[in-house]
Amino acid sequence: MAGRRPKAPEERRTKVCYIRLTEAEWRKIQSDAIDVGLPFATYVRSRALGIKPRVKPQRDKVMDALLYELTSMATNLGQLVEATGDETYGPWANYVGGELVNRVTDRFDLAPLIEREIEAINGIGHAINAMARRANMGKEIDPADRDETLTIMRRVLDPLHKAVAKKPVQIDEDPDTDASPDEGGGDAL
């Protein structure tokens, strides 16, 4: 059985530090942690040790959010196959969690599109999660509900599907440069 290698005793974090914060302090630290893409405790530990984490670029945050949504959807679709025995979900699980994830990885040129579509992607992700939860509890999934949910998922993912089929657009790495799409910057679509 493969697993994570145990940490050496000197690498283990065994000490706990309790601090009291006001609601405003808590919100500020939480917001700062989110801005740099770190969990709350990791952010606080870094700052306490004098390390100032760099702010994660917006495009990285957008890509992280998309990859989280796609892998979550794929996991739930796989659970639906297992819980219901309905293979209808299998190709979708493979496409969303395999092909689509592979095709969007490192496609930072799609960040503006993803930012526009992430709320809808999150919404259909919630719907698929709810179906998987019902199926995992042994409840029957109505075929009409299944078909409607998969149709909505197809419609929501279609802009992304079409965009990854196109050749990547070279984006300008300098956020202070106002390059037009014809000059290599801007939106990929």
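Good morning. The structure holds two aromatic pairs, where rings of Phe, Tyr and Trp (its six-membered ring) count as a pair if their centres lie within 6.5 Å. This is a predicted model, in which local features need pLDDT of at least 70, side-chain atom pairs count only at pLDDT 80 or more, and totals for chains, interfaces and linings use all residues. Residues are numbered from 1 along each chain as its sequence is written, and side-chain values use heavy atoms, with hydrogens and water left out.

Trp92 and Tyr95 form an aromatic pair, with 6.4 Å from centre to centre and 80° between the planes. That arrangement is edge-to-face; planes over 60 degrees apart carry this label, those under 30 degrees are stacked, and the rest are tilted. Both residues belong to helix α4 (residues 89-104), and because they are three residues apart there, about one helical turn separates them. Helices here are DSSP runs (H or I, at least four residues), numbered from the N terminus.

Buried means under 20% relative accessible area, exposed over 50%, and partly exposed in between, using a 1.4 Å probe and protein chains only.

I turn now to Leu77. This residue is found in helix α3 (residues 58-84) and is buried, with a relative accessible area of 0%. Leaving aside neighbours within four places in sequence, Leu77 is in contact (heavy atoms within 4.5 Å) with several residues, including Trp92, Tyr89, Val96 and Met153.

Terms used
Helices (H or I, at least four residues) and strands (E, at least two) are DSSP runs, numbered from the N terminus.
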